[in-house]
Amino acid sequence: MNKLDFQEMQQHVNILNVAYHLCLEIVEQKGYEYKAICPFCGYNKLSKIPTLSLNLANNKYCCSECGVGGYSIGLYAKMRKISNDIAFKELLERECFSQDKSLFEIRPMNQLADIEIRDKIYRDFLSMLKLEPQHKRYLTNMGFLDSTIEDNLYRSVPKNYIKRRIISNNLSKKYNLEGIPGMYQEEDFKWLFSQYNGFFVPVFDADNQIQGLSIHLDKAFNDNQDIWFSSNNKINGTRAKNFIMKSNINIDSQSLILTDNLLLGALAKDITSNPVISFQNITNSYMILKEIENTEIKDITFLVRGSKNIDYIINRVFRDLIPLGYNLDTKYISSSKDFFDESCFGFNHLKNVA
């Protein structure tokens, strides 16, 4: 291979994939440029000040402190202390080459583990956590009984980094955490999960198995107080799906309670005998229609907690339901007491919760 051919080849080896294989510590990102701790000079490593620039547009690197720089192949060769030719062959075997310069995912993404595996791991995971008093008060104020709070396995997200590392390490000794949304590996390949200010909300399926975890944040982020426990774009991470939680639905069902608040859906399930579907971050009605297509459901009431924009709900959730002839309504719920209001549901039958 002549020099010009080799220079062209270098531009096709994804530098972020190379950084992953070299276990470089990437600290920040802005557009096509990533910043990492320089492995050669290690400038202010303890202060986490990144000086090594990794450019995704041209697959070049450069350190602003020690001046080292070049293409991705050279970075790999320099750190491995091998020739560029050998480095190129190794990177080809690691599938870091792209003929059309299409971007490779720099961190391997796993397929979602089977529901039985997720359920087992998440239950063990939650058993290692506790529910902080402020989160229990929040749930109690909503109307949850102590027994329901425990049965639903609500747990606070640990804030302490060391504690999260210990919990993750203990889990990894018992299970393969690949395919479990929320779990990922750090640069030292030790397992971890991210820190959030909030508490976990397990999302159960019809067989009471945990599909995944939602996190109810103490303070809304980007107007959203509920996010998925996910680890996409993390090393060995797994993306969470938009899971839905349903109960009491059968072919003879004629009415449905619908809500985009998983906690409100759990409360409705605990108090009423009505069919309930709760979800999070769904942008159309396809998943809902799939669950009720073989039923007799005609009446759908959307439960709202807080100051929601009804027009937004209608445009997002009811858009596909309106033309299908369903009887649609919306109801505001602030606590469990509202479920006992006779005007709340014209078709509601309350269970005995005494």
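Which backbone nitrogen does a side-chain oxygen of Asn261 reach at the start of α9? At the start of α9, the side-chain oxygen of Asn261 comes to within 3.0 Å of the backbone nitrogen of Leu263. Such a polar contact is a pair of N or O atoms within 3.5 Å; within protein, one atom must be able to donate a hydrogen and the other to accept it, and residues adjacent in sequence count only if both atoms are side-chain atoms. The model is predicted, so local features were taken only at pLDDT of at least 70 and side-chain atom pairs only at pLDDT 80 or more, whereas totals for chains, interfaces and linings use all residues. Residues are numbered from 1 along each chain as its sequence is written, and side-chain values use heavy atoms, with hydrogens and water left out.

Helix α9 spans residues 262-271, and eight of its ten residues are buried, so this helix is largely enclosed by the rest of the structure. Helices (H or I, at least four residues) and strands (E, at least two) are DSSP runs, numbered from the N terminus. Buried denotes under 20% relative accessible area, exposed over 50%, and partly exposed in between (1.4 Å probe, protein chains only). The buried residues of α9 are Leu262, Leu263, Leu264, Gly265, Ala266, Leu267, Ala268 and Ile271.

Side chains of opposite charge can pair when their charged atoms come close. With a salt bridge taken as a side-chain nitrogen of Lys or Arg within 4 Å of a carboxyl oxygen of Asp or Glu, the count comes to seven. One of the salt bridges joins Lys174 and Asp124, with the closest N and O atoms 2.5 Å apart. Lys174 belongs to helix α8 (residues 161-174) and Asp124 to helix α5 (residues 115-127), so the pair ties together parts that are 50 residues apart in sequence.

Lys136 is partly exposed, with a relative accessible area of 36%. In the salt bridge between Lys246 and Glu291, the closest N and O atoms are 2.4 Å apart. Here strand β12 (residues 245-247), which holds Lys246, is linked to helix α10 (residues 286-292), which holds Glu291, and the two residues are 45 residues apart. Both partners count as partly exposed, Lys246 at 28% relative accessibility and Glu291 at 24%.

Arg164, in helix α8, is buried yet has no salt bridge. The nearest side chain of opposite charge, that of Glu186, is 7.1 Å away; Lys and Arg count as positive and Asp and Glu as negative, while His and the chain ends are not counted. A polar atom of the Arg164 side chain lies 3.3 Å from the backbone oxygen of Pro158. Not counting residues up to four places away in sequence, Arg164 touches Pro158, Lys159, Leu192, Phe193, Ser194 and Gln195, where contact means heavy atoms within 4.5 Å.

Aromatic pairs number ten. Rings of Phe, Tyr and Trp (its six-membered ring) pair if their centres lie within 6.5 Å; planes under 30 degrees apart count as stacked, over 60 as edge-to-face and the rest as tilted. The ring centres of Phe125 and Phe229 are 6.0 Å apart and the planes are at 5°, so the pair is stacked. Phe125 lies in helix α5 and Phe229 in the loop between β11 (224-228) and β12, 104 residues apart. Both Phe125 and Phe229 are buried. Ring pairs link Phe125, Phe193, Phe200 and Phe229 into a cluster.

A charge sits over a ring if NZ of Lys or CZ of Arg is within 6 Å of the ring centre and within 35 degrees of the ring normal. Lys78 lies over the face of Phe40, at 5.4 Å from the ring centre, and the charged end of Lys234 sits 4.9 Å from the centre of the Tyr184 ring.

Most residues other than glycine have a negative phi. Asn236 has a positive phi of about 60°; this residue is in the loop between β11 and β12 and counts as buried at 10% relative accessibility. Asn248 also has a positive phi of about 60°. Asn248 is found in the loop between β12 and β13 (255-259) and is partly exposed, with a relative accessible area of 39%.
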